[in-house]
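This report describes one protein chain, from its overall make-up to selected side-chain interactions. The sequence and the structure are shown first.

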Amino acid sequence: MLQKRTSMGIRWMLLFLILSSPPAAAKTFEKVRTLPVKGTVAVRSEPEESVPGAGEVWSDSVHYAAQSVDYRFDKNTILFLGDAKIRYGKMTLTAEKITLRIKDDMILAEGIPDSAGKPVGTPVFKEGTEEIRGFRMTYNIKTKKGTVVSGKTAFEKGFYRGECIRQMGKDVLFVSRGTYTTCDRDHPHYHFYSRRMKVLVNDKVIAKPLIFYVADVPVFYLPFAILPIKKGRHSGILTPRYGSSRYDGRFIRNVGYYLASSDYWDTTVKTSFFEKTGWLLESDFRYALRYRFRGSVTGSYKDEWRSGERVKRRWNLRLSHSQTLDPTLSFRGSAHFASDKTYMKDTSLHPIDRMNRTMRSDLFWNKRWPKSGNSLSASISHSKFLDTSESTLYLPRIGFRRARKAIFSPDKLSEKADRWYHALYYSFQTNALHTQRKRKNSLTGTLEDKNSTDLKGDLKLSTSQKTRWFNLSPSLGWSERWQRAEDGEYIRTDALNTSVGLNTKLYGLFVPRIGALKAIRHVVEPRAAFRMQHRRITRGGTYSFGGERDPVKPQRFLNLSLNNLIQIKTQKGKKERKLTLATLNASTSYDFERETRPFSDLRTSLSIKPVRRFDVRFSAVHSLYDRDDTFDPLRPDLKNVSLTSSLRFSGGGRGKKSETSGLRSSTDPFLHRDADSEERSTIPGLEPPEDDERTSTSGPWQFQLSHYYGLYKTTTSSRKTSWIKGSLRFNPTAHWRVSYVFNYDIEDKEMTAHDVSIYRDLHCWEAQFQWTPSGYREGYYFLLNIKELPDIKIEKKRGRGAFSFR
């Protein structure tokens, strides 16, 4: 709070406080005067240039609180003793002893030695969210400069310490003999040390020199370093990555810069240098405006060399854009171009890019009319299959859809919404598609153009009527389709579709009251649906008019299904629990037009979960006919069957998960993907466990065992599959995590995979070791890294070079 005063304002205020005090204090009037333990003191500060009357002297309010407050006339100071606290603007200072020198607007804060000579009540300085602790502090209210002796402050999970910290202005700190670490120990496990540091708050730290210590052992030295400390998304130099591979030799990746000069766009430019294969330049430009549009332009260029000679120049370009023009109109598009078929496979570190052998580009436009339920869409799509050079182009694809709508609305007729005809609905949709294909001739091996056009319309009437015992769902539909086949022939197909569905639910309730079991409920849901289609095909003629008509071929089907659900309710004390014990479903269909084997295969599925730790899933497919095509439903012929069972145990409480694990991916846009980690994921046997199981400590131990059995039969042969998969994870101590996973093939009697993983939480560090003893995934991987600075690490990978430290 600002108050306008004259240059003598503070003296008049202090005189008023003295004269208004009780007469009992008159004995100390000339030397010391005791003030209230809580109050406000006015101090001088320079006016802001933008404030009217800038030549005048203004005063600010300093709020204070302490066990005792004394004013010393001889030194013109105020002494705050015992849990002293001063608040000035956004600044708060607490200490056992605080001295306010009024004449030069200086604040001095320090602790007081206890009986053992150890200082207590050392000062703590807070301004906004920033906090600095120290042995002794001075602060000038007028210049906003200060000094901290043996200071310590925390910033975004990091801790800064300094023998002497001087604040030179609002956002500038000078630190003598400073250290930085993310370890919260008084004697940290690692730290960065610099003799001189300049800290630009929320910007950067300039250190000269910079030495990295593990414990008290120096590991590496840099003559100077500039380290960004901006919060959130910000521009900066990317962290280079070093390594080697059999194909590229030694390399340095990710040498570049990330530019985020706007909240609406950013860009990354980086390059990589390879000892054997040349260099790679990559760029990524992204832009976005929330709720309006977003997009990106990503590209790369590879200058490939072999044996000192340029082999080829290769490139890749990707474009994407999506935009919401208004709440009912949207547009999106993407395009992918490359210089050759194998570019992504040879240069990308992402497994999906390396395995993808199809390049796609598309444009899509969509318009909706919410009140009427109508929508219109148009798109263009192109796909190219890199291995065969075949391609497919949809130009265009147009669709119109009328959502399901009631024919008779109760609002319009001013009637209640319980009339049967209020459940009558209609819907309509039409699609137009022109396709251009390039297909390889199986005899000549050359690519041939294949063009076709397809126009289709569907109109459907439907309803759903409920009776006391059944649900009835009839529908009637008409579809029209015009085609121009790849050979140029015109084909017209008319189809009338009708269907009637009937279903109900039957409930059975049993109350056995055996122990904790209170009730069993059985739900049976039979379903039957009859479908009929009359289809007429016309070939040739002028756009299918006047051509030859094929005879109408009616198609009639009856779909049958029976679903069973068994639920139980248990009660222990006042705690009631409901769960689904089992489900059993069966389905088949009948084709009235088929002369042999009109019944389709009988499909059955069963799921049982009696307890939380155990479940069984069973599925089977049976033929209702014998080998002579004789209908024999009492002795169905088994075609295939699968059985999966799993057992899970865990114990010892909930545990916890390492919250500071550096193994988790960061959401900070400045931290880009770890190229080496992505490359490692493509090495057989070095895939990371799912759900970050290395670092999970959710319970001292977990055990899981599952079995799978499958039988597949044909008319001439049969094939069996059977395997057991198990995993054991346990925590010997609070900081160790050991896991073992195996997969055993019972039919082949061999171990197809087994992995051993060991994780160790080292406070601010973490270490992991993963080993696959045998199989196609054979290999091992070791990593030691700082949790909050995962780029500082030591790792070893089988067959991929030596250590990597960065």
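## Overall composition

Two residues are in contact when heavy atoms of each lie within 4.5 Å. Among contacts in the protein chain between residues at least 6 apart in sequence, 45% join residues at least 24 apart. The model is a predicted one.

The secondary structure of the protein chain comprises 5 helices and 54 strands. Of its 806 residues, 33% are buried. The chain exposes about 48600 Å², and carbon and sulfur atoms supply 57% of that area.

## Nonpolar cores

In soluble globular proteins, nonpolar side chains tend to be buried together. The largest nonpolar core in this model has 44 residues, of which Phe80, Leu93, Ile98 and Ile107 touch the most other members. Leaving aside neighbours within four places in sequence, Ile107 is in contact with Ile86, Met91, Leu93, Ile98, Thr99, Leu100, Met137, Thr138, Tyr139 and Ile141. A second, separate core consists of 5 residues, including Phe251, Phe274, Leu280 and Tyr343.

## Nonpolar surface patch

Ile407, Phe408, Phe428, Leu459, Leu461, Leu476, Trp478 and Leu496 make a nonpolar surface patch of about 660 Å². Strand E34 (447–463) and strand E36 (471–484) each supply at least two residues of this patch.

Leu459 is found in strand E34. Leu459 counts as partly exposed because its relative accessibility is 41%, a value between the limits of 20% for buried and 50% for exposed.

Thr271 is placed in strand E25, which covers residues 265–274. With a relative accessibility of 14%, Thr271 counts as buried. Apart from neighbours within four places in sequence, Thr271 is in contact with Ile252, Arg253, Asn254, Val255, Trp279, Leu280 and Leu281.

## Aromatic pairs

A pair of aromatic rings is described by the distance of the centres and the angle of the planes. A search of the whole structure finds 25 aromatic pairs. One of them is formed by Trp265 and Phe285, a tilted pair with 5.9 Å from centre to centre and 40° between the planes. Trp265 lies in strand E25 and Phe285 in strand E26 (residues 278–289), so this pair ties together parts that are 20 residues apart in sequence. Trp265 is partly exposed at 29% relative accessibility, and Phe285 is partly exposed with a relative accessible area of 30%.

Trp279 and Tyr301 form another tilted pair, with 5.6 Å between the centres and 50° between the planes. Because Trp279 lies in strand E26 and Tyr301 in strand E27, the pair ties together parts that are 22 residues apart in sequence. Trp279 has a relative accessible area of 28% and is partly exposed; Tyr301, with 27%, is also partly exposed. Elsewhere, Tyr180, Tyr190, Phe192, Phe212, Phe220 and Trp765 form one aromatic cluster.

## Salt bridges

Side chains of opposite charge can pair when their charged atoms come close. The count for this model comes to 29 salt bridges. In one of them, the side chains of Glu304 and Arg314 meet at 3.1 Å, N to O. This pair links distant parts of the chain, with Glu304 in strand E27 (residues 293–306) and Arg314 in strand E28 (residues 309–326), 10 residues apart. Both Glu304 and Arg314 are buried.

Arg314 also meets Asp346 in a salt bridge, at 3.0 Å from N to O. Here the link runs from strand E28, which holds Arg314, to helix H2 (residues 343–347), which holds Asp346, and the two residues are 32 apart. What is the relative accessible area of Arg314? The value is 2%, so Arg314 is buried, whereas Asp346 counts as partly exposed at 36% relative accessibility.

Asp632 forms a salt bridge with Arg635, and the closest N and O atoms of this pair are 3.1 Å apart. Asp632 is buried, with a relative accessible area of 17%, while Arg635 counts as exposed at 65% relative accessibility. In a separate arrangement, salt bridges that share partners join Lys302, Glu304, Arg314, Asp340 and Asp346 into one network.

Key: Residues numbered from 1 in each chain as written. Predicted model: local features only at pLDDT ≥ 70, side-chain atom pairs only at ≥ 80, totals over all residues. Heavy atoms only, no water. Patch = residues over 30% accessible without salt bridge, like charges linked within 9 Å, V, L, I, M, F, W, Y side chains within 5 Å. Areas by Shrake-Rupley, 256 points an atom, 1.4 Å probe, with all protein chains shown as cover. Salt bridge = Lys/Arg side-chain N within 4 Å of Asp/Glu carboxyl O. Helix = DSSP H or I, 4+ residues; strand = E, 2+ residues; numbered from the N terminus. Buried < 20%, exposed > 50% of the residue type's maximum accessible area, 1.4 Å probe, protein only. Core = buried A, V, L, I, M, F, W, Y, C linked by side-chain atoms within 4.5 Å. Phe/Tyr/Trp six-rings, centres within 6.5 Å; stacked < 30°, edge-to-face > 60°.
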